[in-house]
Amino acid sequence: MLKTQELTLNLGPHHPSTHGVFRCVLNLEGEYITKAVNHLGYLHRGIEKLAESRTYTQFIPYNGRLDYVAGMLNEWAYVMAVEKLMGITEEIPERAEYIRVIVGELQRIASHGIYFASMALDVAGASAWFYGFRDRDEVLDLLEMVSGQRLMHNYMRFGGVAADLPDGFMNKLDKLLNKLPAAIEEYEGILLGNEIFRARTVGVAPVSREMALDYGFTGPNLRASGVDTDLRRDEPYSVYDRFKFNVPVRQNGDTFDRVIVRIEEMKESIKIIRQAMEGIPEGPVMAKVPKVIKPPVGEVYSRLENAKGHLGFHIVSDGSTKPYRLRIYSPCFVNIGIFPEMAKGLHLMDAVVALASLDIVLGEIDR
Amino acid sequence: MYGQGLIKGLSITLKHFFERKITQQYPEERPVLPDRFKGSLTLKVPKCIACGLCANSCPNNCIKIESEKDENNKKRLTGYKVMLERCLFCGFCVEACPTKALLWTKDFELTKYFREDVNLDLFSSYVPSPDDEKPAKPAKEDEESAQAS
Amino acid sequence: MDKIVDREALVGELNQKFGNCAEVFEDNTNQSIKVKPEKLVEVMQELRDNPKYDFKVLMNLNSVDYPENFTVVYHLNSLTHLHKLTVKVELDKVNPQVPSITSVWNAANVQEREAYDLMGILFTGHPNLKRILLVDDFVGHPLRKDWKMQA
Amino acid sequence: MQISNTIATGLKDWLMGMGFSATTTEMIATAVWTLAVILFILLNLIVLVWLERKFSAFFQQRRGPNRLGPAGFLQFPVDIVKVLGKEDIIPAAADKPVFRIASITLFITAILAWAVIPLGEGMILEDLNIGIFYFIAIGSTATISLLMGGFASNNKYSLLGGMRTVAQMISYEIPMVFSLLGVIMMVGSLRLSDIVKAQEHMWFIIPQGIAFIIYFIATVAETNRGPFDLAEGEQELVAGYFTEYSGIRYAIWMIAEYGNLVAVSTIASIMFLGGWNAPFGLTFIPPFLWLLIKIYFMIFLFMWVKWTYPRIRIDHLMHFGWKFLIPVSLANILVTGVGIYIYRMITG
């Protein structure tokens, strides 16, 4: 008697394409997925609990360890939340805000660059992978110039940034910005325009608008599903209301759209940095803030448009030097919640690509 | 036309095939590090006033300072240890230092054969250099008392 | 600055519809309401589906261990009206139980599991209430204030 | 050709002179040839492993291995030492006998195929009159080795990889054979040396250009190289059918794969690129070297394609094979047949 049997496959925790230590138990019918169950927490470090035993300032470097490919934006999100809690948002010097925008958008380009690269690797385009990393590294060179480190910057401070931009930074930035459009064109040439890649991604794992909102998608993933929203434009924080930029929106919400939205966003980031370079004023980079940070009793929920979605910080303060409760709303953690639903009926090869297209970073999922 | 993207991809890789390569040949070619680079730590011992701000600012408590009062009732440093294996390289200690005694170096090759060697003892490994302001040698009895404690 | 919902009117309407279930909660953010746990799912459904509020997005689901109670905090956002609302549910310190809102937003699924895992709040009616970040045989809920850190 | 023939006849004369009988002489000469062929394959491997690394690096703006020896050429012996030093792990639940012989059977097929491949005029172990047929027959048995490897590992990834291989290789065998059929029809012989002789004035890539492209695509799939490396599929299947192999057994898989790569490149050079015939009258380069240049040109093409394209999905692969390549190759045969008929009518 012949009979068929479902195959249970452990995708992870150490698997080439789970982008870290993430495990997904798949039930396979042939090579088509009938059921997927996420198992998280292999990288759980208890950062929310750690925050309760660190002072507000001491917690800044830990944010770089969340989404370790976009550390600058994480720090910014945290610093912005505490500034709101302290009520010093208005006092931050303009130059500091401009610097934040410049380094933040650079970080976004770096993060999307690594997204493109890992996406390319997951469809086995090894050369495209190297091109993505090549350009990301040049962005990191600039961030290293500013903060002294490539990934865990610790550059943002309450009321400003740690130091002014170093000499020669603007020249190098200008050179890089002149180079980047050609690089993005190259991405389109080698991967995005490639017929094999299109066949692999167009129409694969579509997420409808309703589903995206229901599952709490944010950021580029939501925009790929046809929801026109961007915190930088809708609720402008910092000095984003002074810049002109488009918000790329795609309608189908499939894997291809999720890639294209990010590539378009890289172009928009270049535009924003150009405008910030022109408009940056002279002046101090730090507001006058007390040495010991003691926010008043209360709570705040503040969000920032991270490279992966809305990074939210809910901070409850009891008036002491340490947060009473600090909650990190991480976009990747919520985005990955859709994966079991998304993977149903997909081919194993497509599931890997769909997972990559969600742009997960395990440091932020497990915290 | 179908197949255009395929040919475009081939032309891009072929272009890079003959291009100059960008890999840095690391041990021979040293990386150019920016001034703010956070490598290892160094302490200019004569400048240190043992105030302990660096230790307080450290998120992971990886700086241990030993000090004692001298005859003028001034604090004097007798030991300075950094547990580099726990260090976040955040730089709060360097920022906190009021006398600019604690500084980053550009030394990034911190690999060691044994775990204990990772940690730094900045006090005893200090080598006086001519550009420091006259190094005050710790008195003999101080060393003895430090060893005793 | 965030757009503020007229909380008095909102609470009035909710109370009228579901019977005394909500009240304005005073804190520094000026956008919080407090809801009784029994009526939470209905209130959330109303907040989501009523075009007047149109809170299509569950921004954040948090749980706080206050000395006197556990509080589950829901941050809601509307894409059309661009306003925000914080819904708070105060729970018993001994046996914290709150109905799950997974039926309203699927986004709550993983976040409720996380709150259960780290804070020990039971979400009744959750389809799969298991530990998500910690190992399955972990004892205790680390984010509670009485949980002692072990180095 | 002349040189090798001289060596061969010289060797035979010398052995006869030593007083061996004719049969013994023939046997010894054959053994020497076999060794020479194996040596040739292994030498190619050394170059290929190095070339693949260098080429992939160049395509990606890297330098590739450059520490040991000139341009990193001595990296290979070091790697061999490393591979030999690795522990040979066989999973406890594996089907051990099958697991052990799987990689070796693939290696044997890779070697056997070389029996009929000429490396120059007369430089051939056995000039079979059904040479190309023999090559295809031997080449298609590689499928079973890969399935053996995937099945015996008792690993789910390996099993999936093995099953993919069977589907893929059986599908792409057909267009490959059909594409060669056009050339065979034009020559009227299956003997490889005849095919080369027929190309003295015109390479078959000119009348059979479409067949060449089909052959190229099909052999990329046959040798499991990117973008058709579904059997390995390292992004979803870790390493496919050889996930569980380690040490020297793993090395044998790689050696066999490169052996197959050289074999199909050689066949492509012989069938379409004129074999050892020199183009444009450039006869100062010896014929053997010409063949080698053509083989390595083919290998460059293989590597270029591999390091440029993303991997194709399995259902697209099947669609492409059955719905596009096979009809086109059949049409090519039809056109070739009609062309030959018309040609004969004109020339009488």
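## Exercises on the contacts of chain A

In this model, 33 residues of chain A are in contact with 42 residues of chain C, contact meaning heavy atoms within 4.5 Å. The model is predicted: local features need pLDDT of at least 70, side-chain atom pairs count only at pLDDT 80 or more, and totals for chains, interfaces and linings use all residues. Residues are numbered from 1 along each chain as its sequence is written, chains are lettered from A and ligands numbered from 1 in the order in which they are written, and side-chain values use heavy atoms, with hydrogens and water left out.

### Exercise 1

Describe the area buried between chain A and chain C, and the residues of chain A that lose the most.

Step 1. Buried area is the accessible area (1.4 Å probe) that two parts lose on being put together, summed over both.

Step 2. For chain A and chain C this comes to about 3,200 Å², with 55% from carbon and sulfur atoms.

Step 3. On the chain A side, A:Lys49, A:Glu299 and A:Tyr324 lose the most area to chain C, together 21% of what that side buries.

### Exercise 2

Find the salt bridges between chain A and chain C, then see which element of chain A gives the most residues.

Step 1. A salt bridge is a side-chain nitrogen of Lys or Arg within 4 Å of a carboxyl oxygen of Asp or Glu.

Step 2. There are 4 salt bridges between chain A and chain C. In the one between A:Arg327 and C:Glu114, the closest N and O atoms are 2.6 Å apart.

Step 3. Look next at the elements that give two or more residues to this side of chain A, among them helix 1 (47-51), strand 6 (298-305) and strand 7 (310-317). Strand 6 of chain A gives the most, with 4 residues. Helices (H or I, at least four residues) and strands (E, at least two) are DSSP runs, numbered from the N terminus.

### Exercise 3

Now turn to chain D and describe how chain A meets it.

Step 1. The contact takes 36 residues from chain A and 25 residues from chain D.

Step 2. Together the two chains bury about 2,500 Å², 61% of it on carbon and sulfur atoms. In chain A, the residues that lose the most area to chain D are A:Phe130, A:Ile196 and A:Met349.

Step 3. Chain A and chain D share 2 salt bridges. D:Arg313 pairs with A:Asp350 in a salt bridge whose closest N and O atoms are 2.6 Å apart.
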